[in-house]
There are 2 protein chains.
Amino acid sequence: MPWIEYVGFIGAFLTAVTFMPQVWLAWKTKSVGDLSVGMLGIVFVSVIVWLVYGFFLHLVPVIIANFIVGFLSVVLLYFKFTFPKK
Amino acid sequence: MPWIEYVGFIGAFLTAVTFMPQVWLAWKTKSVGDLSVGMLGIVFVSVIVWLVYGFFLHLVPVIIANFIVGFLSVVLLYFKFTFPKK
């Protein structure tokens, strides 16, 4: 595998874990007032677009990373709409 | 240009604008307590990795999108460290 493919895997890994500290912080504090619904909505739509791209071009890291990001963005949207406002 | 490349451009566009509503909300409210520094840090590192990937493979949408995301993540980190805690 050429070295640049490893760089792509590292990028996909980092992208996949991006929301993990945010989900953890939100869960711990039960506070999501400063999180933008617009941001989370754009993330969710972009995940669908990237999944189409990834499936069509058989880009496994893109597919895996976007499944994870999509799942975590849904978790954050769920928090956003269910945690009581402060 | 094959249709799947348009899908890639749409994905890159959405990724590029992801943080714009978040920067706007943070600027308007001057409140970033619920934003995870860990998330912003991972975004910044992942942008560097994706820029290496994009430059090496001459992926213009990847390069442009990541420059924008990187800039906006630095803006949010700046807000995070300069806005007074509530």
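## The loop residue A:Leu59

A:Leu59 lies in the loop between H3 and H4 of chain A; helices are DSSP runs (H or I, at least four residues), numbered from the N terminus. The model is predicted, and local features need pLDDT of at least 70, side-chain atom pairs pLDDT 80 or more, while totals for chains, interfaces and linings use all residues. Residues are numbered from 1 along each chain, chains are lettered from A in the order in which they are written, and side-chain values use heavy atoms without hydrogens and water.

A:Leu59 counts as partly exposed because its relative accessibility is 30% (buried is under 20%, exposed over 50%, partly exposed in between; 1.4 Å probe, protein chains only). Beyond four places in sequence, A:Leu59 is in contact (heavy atoms within 4.5 Å) with A:Tyr53 and A:Gly54.

## The largest nonpolar core

The largest nonpolar core has 36 residues, and A:Phe19, A:Leu76, A:Phe79, B:Phe19, B:Leu76 and B:Phe79 have the most contacts inside it. Such a core is a set of buried Ala, Val, Leu, Ile, Met, Phe, Trp, Tyr and Cys residues joined through side-chain atoms within 4.5 Å.

Not counting residues up to four places away in sequence, A:Phe19 touches A:Leu40, A:Val43, A:Val69, A:Leu72, A:Ser73, A:Leu76 and B:Met39.

## Packing of H2(B) and H4(B)

The axes of H2(B) and H4(B) are 10 Å apart, at an angle of about 20 degrees (lines fitted to C-alpha atoms over the stretch in contact, angles from 0 to 180 degrees between N-to-C directions). H2(B) is therefore roughly parallel to H4(B), a term for angles under 35 degrees.

H2(B) contributes B:Met20, B:Gln22, B:Val23, B:Ala26 and B:Trp27 to the contact, and H4(B) contributes B:Ile68, B:Leu72, B:Val75, B:Leu76 and B:Phe79.

Terms used:
Helices (H or I, at least four residues) and strands (E, at least two) are DSSP runs, numbered from the N terminus. Angles under 35 degrees count as roughly parallel, over 145 as roughly antiparallel, 65 to 115 as roughly perpendicular and the rest as oblique.
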